[in-house]
Amino acid sequence: MSARLHRSRWSRGVERLFELGIRLGGFAAVVLLSGIMLFVVGEAWPFLLGRFDAIEFFTSTEWFPDSVVKVRYGALALFVGTLSVTALAMVAAVPVGLLGAIYLAELAPPRVREPGKIIIELLAAIPSVVWGFIALTVVSPLMVSVLDLPVGLNVANGALVLALMSLPVIISLGEDALRAVPDSYREAAEALGATRWETTTRVVVPAARNGLLAAVLLGVSRVVGETMAVLMATGHSVRIPHSIFDPVRTLTATIAAELGEAPKGGEHYRALFTIGLCLFVITFVINWLADRLIRRAAHRV
Amino acid sequence: MLRPALLITLLLTACRGPSDRVVVQNKGSDTMVNLAQAWAETFVLTHPRMAVEVSGGGSGTGIAALIQGSVDIANSSRAIRPEEADAAFKRHGRKVVAHMVALDALAVFVNSANPTDSLSFEQLACIFGEGGTCESWSDLGVTVPGCRDNQIVRVSRQSNSGTFQYFRETVVGPKKDLRLGSLDLNGSSETIRLVETTPCAIGYVGMGYLSPRVKPVCVSSGPDQPCVPPTALTARRHEYPITRPLFMYTLENPTDAQRVFLDWVGSAEGLRVLEHTGYVAVEPVVASGEAQ
């Protein structure tokens, strides 16, 4: 009797301890993340109050942060660069990724599914510098010789590399979402006489919609935030592209290439943090839109 | 039961290495990274009690690290700026000392299919400089086989590169910017690789990086100046117009370890390594002096 009582008191203590641990963990995550946010805003703030000229920043393509003649911070070309590479990468990666996820989750026989998943997840482990190197040494010469382009480092090359990098995320999370749909749904559909195609498109995919959307969005964040691979694959050239075969420069690659040199606390340094802040806002808007989409879709059903 | 413990002890000892090993931290210029690495590797063969750790990142990055105090020796392919030297003095109370360790010809090069043999500073400014109007190889009177629209693809470097800054100051002019729209790559070997496979391209690197699959052109500094190819000989004689010194910067009164390494770099052994990597010795061998 006393032993049992002792144990229950002890286990209650352990439970308290765990609860406290989880609370602290969650609290730490919130504090750390807001700390990072505050740090970025803080580093950008003096620039935003002083030298920052919204019209120049958002409408000029003249990015001359270390000019010997006249320093100019026109980031329009960088925004267009990020937007064009991201959009093209998603156009390529979303359909392929979702179809791949559907194949692996619904159609592939087990002896294909397991090795397939492992191989795709291995792709996610390739460092981004290696992807950049492949873009430079394999894709670029191919683009020049096969497509007869003046330069092989461009939007299309960057988008291709980014699409390949985001596919593992989309496929693997998408597959998880589809597999999470209870088998009773599939059984019910089949009992009603639905074919496998109808079951997949009318029952399983709609049921996994939120998870699939999350998979796509994580793919987008991977693409927007990627640095080294795009630095090498896009050509890192400040200009407004006229076609998908023009080089561009992205927001992230600009920060990566220039932050090491910009004197800490200087104007250039703060301008780069302002770009970082813009990336924050972009990601926030994407997530907020996604949240609204999911809610609206949930209402409709 | 003893075995895992023994193994861990062995591993720890192996990782720690000789406990009295002195490490010299060396960082900076991407142009000099191969050279500094070759020096470091040969140096430790005769100095087993010492190690030199080399990393790249660009001249500006190396000098910034020297100011921060995170490296002992900064490699730079451009001279330190007065404000950088001041910042280091303010922080450490010691002046920055320059050690000129080598000469380098900054080679301008094109794809091997390109028939261009020579370029003047004026033509280079027209291609790379702000306000320049040379967009097509036709503007220079050549047609490049395999190059669509005969368009010039300008390959430049990121802005913390000493190579970039030396090129800008010397070729385009001290008070001029490079034109936007160039491909600003992050390293010399990337520049070489891109130009090797891109017929339209033109780029510049330190001559130690040139590969047989690209074509360096001869460069003239003015209309009535001779056109000089980038070679060890023309660099040594200062005939090549974009010959530049390569520096190692330390704070004054370097530690014994730093001094031993820098003295060795200027020794016959150091010179042998230098020439093997494709750079050119300075006379006198290591010229040291206060920066500025």
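User: What distance separates the centres of domain 1 of chain B and domain 2 of chain B?

Analyst: First, this is a predicted model, where local features need pLDDT of at least 70, side-chain atom pairs count only at pLDDT 80 or more, and totals for chains, interfaces and linings use all residues. Residues are numbered from 1 along each chain as its sequence is written, and chains are lettered from A and ligands numbered from 1 in the order in which they are written. Domain 1 of chain B covers 22-104 + 245-290 and domain 2 covers 111-236, with bounds from an automatic or database domain assignment. Taken over C-alpha atoms, their centres are separated by 28 Å.

User: Which element gives the largest share of the side of domain 1 of chain B that touches domain 2 of chain B?

Analyst: The contact (C-beta atoms, placed from the backbone, within 7 Å) takes 18 residues from domain 1 of chain B and 14 residues from domain 2 of chain B. On the domain 1 side, the elements giving two or more residues are α2 (33-46), α3 (59-68) and β4 (96-111) of chain B; helices are DSSP runs of H or I with at least four residues, strands runs of E with at least two, numbered from the N terminus. The largest share is three residues, from α3(B).

User: And chain A: how many helices and strands does its secondary structure come to?

Analyst: Along the sequence, the pattern reads α-α-β-β-α-α-α-α-α-α-α-α-α-α. That comes to twelve helices and two strands.

Terms used
Two residues are in contact if their C-beta atoms, placed from the backbone, lie within 7 Å.
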